[in-house]
Amino acid sequence: VVHHHQVAHPCRGSAAPENPRVLLASPNVNLVRILKTYLVQSGFDVFSVAEPDRIESEAERLQPGLVVMDADSDDEETWKVLANLRSDEGQLAHPPPVLVVSTRLSRDNALSKGAVDFLELPADYGAFIQVVKSVGSSAR
């Protein structure tokens with residue numbers, strides 16, 4: 001199930017992102033709720049998917065400017081999805097940057113697997129949005 005969350009009036013004073021569409025990939029309902037709130041308040045158009053086997057197809061369908069992937073387990077499936085998202089030879093015409101968020105993994109591990117950036121959780125609103133905007137602007 002893909003959930004879509006949108007804000008009618010983005011926060012005043014925040015620059016509108018070039019591609020405001022973000023796909024949150026996490027089975028953690030509480031994490032999705034928090035990150036969705038942060039993103040919507042900053043003017044992003046947010047979609048979420050909980051099932052790892054649907055991340056690639058949703059990214060292909062939605063063409064997000066960013067995928068935020070929860071990778072709390074260092075399992076082969078997580079890294080396979082990440083590699084497929086980032087591959088020039090995968091099913092995506094324009095591979096999106098992937099920001100990995102985790103409470104357990106290391107930055108070096110995530111970056112070595114293909115993430116564009118990494119954020120250790122828990123993170124506050126300011127830190128999360130700063131990384132999201134940084135990743136989005138560097139991907140242009």
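Author: Thr37 has a relative accessibility of 34% and therefore counts as partly exposed, a class that lies between buried (under 20% relative accessible area) and exposed (over 50%), with a 1.4 Å probe and protein chains only. The model is a predicted one, in which local features need pLDDT of at least 70 and side-chain atom pairs count only at pLDDT 80 or more, while totals for chains, interfaces and linings use all residues. Residues are numbered from 1 along each chain as its sequence is written, and side-chain values use heavy atoms, with hydrogens and water left out.

Thr37 belongs to helix H1; helices (H or I, at least four residues) and strands (E, at least two) are DSSP runs numbered from the N terminus. Between the C-alpha atoms of Thr37 and Tyr125 the distance is 9.1 Å, although 88 residues separate the two in sequence.

A nonpolar core is a set of buried Ala, Val, Leu, Ile, Met, Phe, Trp, Tyr and Cys residues joined through side-chain atoms within 4.5 Å. The largest such core has 22 residues, and those that touch the most other members are Leu35, Leu39, Val68, Leu99, Val101 and Phe128. Two or more residues each come from S2, H1, strand S4 (66–70), strand S5 (98–102) and helix H5 (125–138). H1 supplies the largest share, six residues. Beyond its neighbours within four places in sequence, Phe128 is in contact with Leu35, Tyr38, Leu39, Val68, Leu99, Val101 and Leu119, contact meaning heavy atoms within 4.5 Å. Another core, of 20 residues, lies apart from it and includes Ala25, Val67, Val100 and Leu105.

Strand S2 (residues 21–25) and S3 run parallel and are joined by five bridges; two strands pair if DSSP finds at least two bridges between them. Ala25 is placed opposite Val49 of S3. From S2 the chain passes through H1 (residues 29–41) to S3 in a right-handed β-α-β crossover; right-handed means that, with the strands pointing away from the viewer, the path from the first strand over the helix to the second runs clockwise. Of the five residues of S3 (residues 45–49), five are buried, so the strand is largely enclosed by the rest of the structure. Asp45, Phe47 and Val49 are buried on one side of S3, and Val46 and Ser48 on the other. In a regular strand the side chains alternate between the two faces of the sheet.

Helix H2 (residues 55–62) has Ile55, Glu56, Glu58, Ala59 and Leu62 as its buried residues. These fall within an arc of 165° seen down the axis of H2, so they line one face of the helix; the arc is that of the directions from the helix axis to the C-beta atoms. Gln63, in the loop between H2 and S4, has a positive phi of about 50° although it is not a glycine.

Another backbone feature is the cis peptide bond from Leu121 to Pro122, with omega near 0°. Pro122 is part of the loop between strand S6 (117–120) and H5.

As for the whole, the protein chain contains five helices and six strands, in the order β-β-α-β-α-β-α-β-α-β-α from the N terminus. Of its 140 residues, 44% are buried.
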